[in-house]
Amino acid sequence: MLDRDEDILKAAEDWQKAGRGVALATVVETWGSAPRPAGSSLVINDEGTFLGSVSGGCVEGAVVTEAMDVIESGKPKMLEFGVADETAWNVGLSCGGTIRVFVEKVS
Amino acid sequence: MKLAILHELNAERAARRPAILVTDTESGEQRLVKANDFAKDPLRVELEKQLRMGKSANVEVGGKKLFLNVYAPTAKLVIVGAVHISQALAPLARSLGYDVTVVDPRTAFASAERFPDIPLVAEWPDTALPPLDVDAYTAFVAVTHDPKIDDPALLHAFERGCFYIGALGSRKTHAKRGDRLRAQGAKDSDIARIHAPIGLAIGAVSPSEIAVSIMAEITAVLRLPPKEKEEAA
């Protein structure tokens with residue numbers, strides 16, 4: 001995958017420098033027909049503003065919520081979304097894939 | 001991620017230098033490995049493989065689960081010659097994810113009607129090429145058939161270390177081109193870098209088929225490990 005994520009990481013740096021709490025969520029593993037490949041990322045700030053994507057829009061809401069915890073605690077988290085997981089249905093990754101997303105604070 | 005690492009990563013990306021971020025997904029520990037430092041890294045083999053594939057991946061080393069996130073610059077394709085082949089090549093390359101620019105000083109060729117939505121520079125290579133920042137993540141093809149245009153363009157490509165250099169023309173044409181370029185200071189090793197006749201030998205006839213053979217060759221050079229690359233060529 002060629003790199004098209006420039007504004008995302010730039011935004012992460014800019015937001016952090018501007019004094020915002022910032023978390024970075026990165027797809028680290030995919031199975032099945034996951035919509036975004038490993039390495040795709042989403043950056044979230046403590047106002048709930050986000051850029052980029054880790055899925056086709058299916059699980060971003062849940063990732064943003066978890067990212068708020070990560071910004072608060074400073075501890076990284078591994079999230080998993082998939083069809084086998086009931087909560088995944090709730091948040092909507094119904095395309096048949098499974099993804100693992102690593103969420104970390106920028107500090 | 002530490003802000004210092006993020007800053008360093010953004011600097012490498014802005015400079016179009018590849019880098020890989022290695023994350024221990026259990027501890028959260030991270031380090032950034034710049035392409036220049038791959039050779040002396042304990043993960044050398046894995047890093048080189050993932051960069052070549054342009055693909056992020058998980059590896060397990062010494063009981064540690066590591067995620068290798070690959071940051072490779074967007075590859076560019078510079079096409080010198082706004083000819084019929086280029087009309088097929090430019091959109092094909094773009095669909096493969098390349099940033100494409102077409103250069104041709106002949107304004108009748110380099111017209112927006114012939115190349116809708118493709119960045120065009122209707123200037124001689126000496127003027128057109130320097131601002132394009134041709135680099136090691138650039139594939140470079142010269143297809144005008146006109147030595148006045150192709151030759152200076154190829155000399156520029158040698159200087160910038162493009163990962164792929166191709167030029168249109170038969171073996172005979174290419175032999176003459178070699179002589180001309182040497183007379184202008186090119187080394188034998190530079191001439192040897194030119195893929196000519198251009199493209200994989202797939203019996204391409206039409207401009208579109210030639211475009212496919214060129215992109216297939218560029219893909220092979222970009223993705224295959226060095227040994228298999230020799231076999232494919």
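**Strand β9 of chain B and its surroundings**

In this predicted model, β9(B) and strand β10 (residues 194-195) of chain B pair in the parallel sense over two bridges; strands are DSSP runs of E of at least two residues, helices are runs of H or I of at least four, and both are numbered from the N terminus. Two strands count as paired if DSSP finds at least two bridges between them. Opposite B:G166 stands B:H195 of β10(B).

Residues are numbered from 1 along each chain as its sequence is written, and chains are lettered from A and ligands numbered from 1 in the order in which they are written. Local features need pLDDT of at least 70 and side-chain atom pairs count only at pLDDT 80 or more, whereas totals for chains, interfaces and linings use all residues.

Strand β9(B) spans residues 164-167. Strand β8 (residues 138-142) of chain B also pairs with β9(B), in the parallel sense and over four bridges, and B:Y164 is the bridge partner of B:A139. Together with helix α5 (residues 147-160) of chain B, these two strands make a right-handed β-α-β unit; right-handed means that, with the strands pointing away from the viewer, the path from the first strand over the helix to the second runs clockwise. Both faces of β9(B) are covered, with B:Y164 and B:G166 buried on one side and B:I165 and B:A167 on the other. A residue is buried if 20 or more other C-beta atoms, placed from the backbone, lie within 10 Å of its own.

The largest nonpolar core holds 49 residues, of which B:I79, B:V80, B:V102, B:F140 and B:V141 touch the most other members. Such a core is a set of buried Ala, Val, Leu, Ile, Met, Phe, Trp, Tyr and Cys residues joined through C-beta atoms within 7 Å. Elements of chain B that each supply at least two residues of this core include β8, α5 and β9. The most, six residues, comes from α8(B). Apart from this core lies another, of 43 residues, among them A:V28, A:I71, B:L9 and B:I20.

The contact between the chains takes 25 residues from chain B and 22 residues from chain A, two residues being in contact if their C-beta atoms, placed from the backbone, lie within 7 Å. On the side of chain B that touches chain A, α1(B) provides the largest share, six residues.

The mean pLDDT (the predictor's confidence in each residue, from 0 to 100) of chain B is 94. The complex has an ipTM of 0.77 and a pTM of 0.78 from the predictor.

How values were computed
A residue is buried if 20 or more other C-beta atoms lie within 10 Å of its own, exposed if 12 or fewer, and partly exposed in between; C-beta atoms are placed from the backbone.
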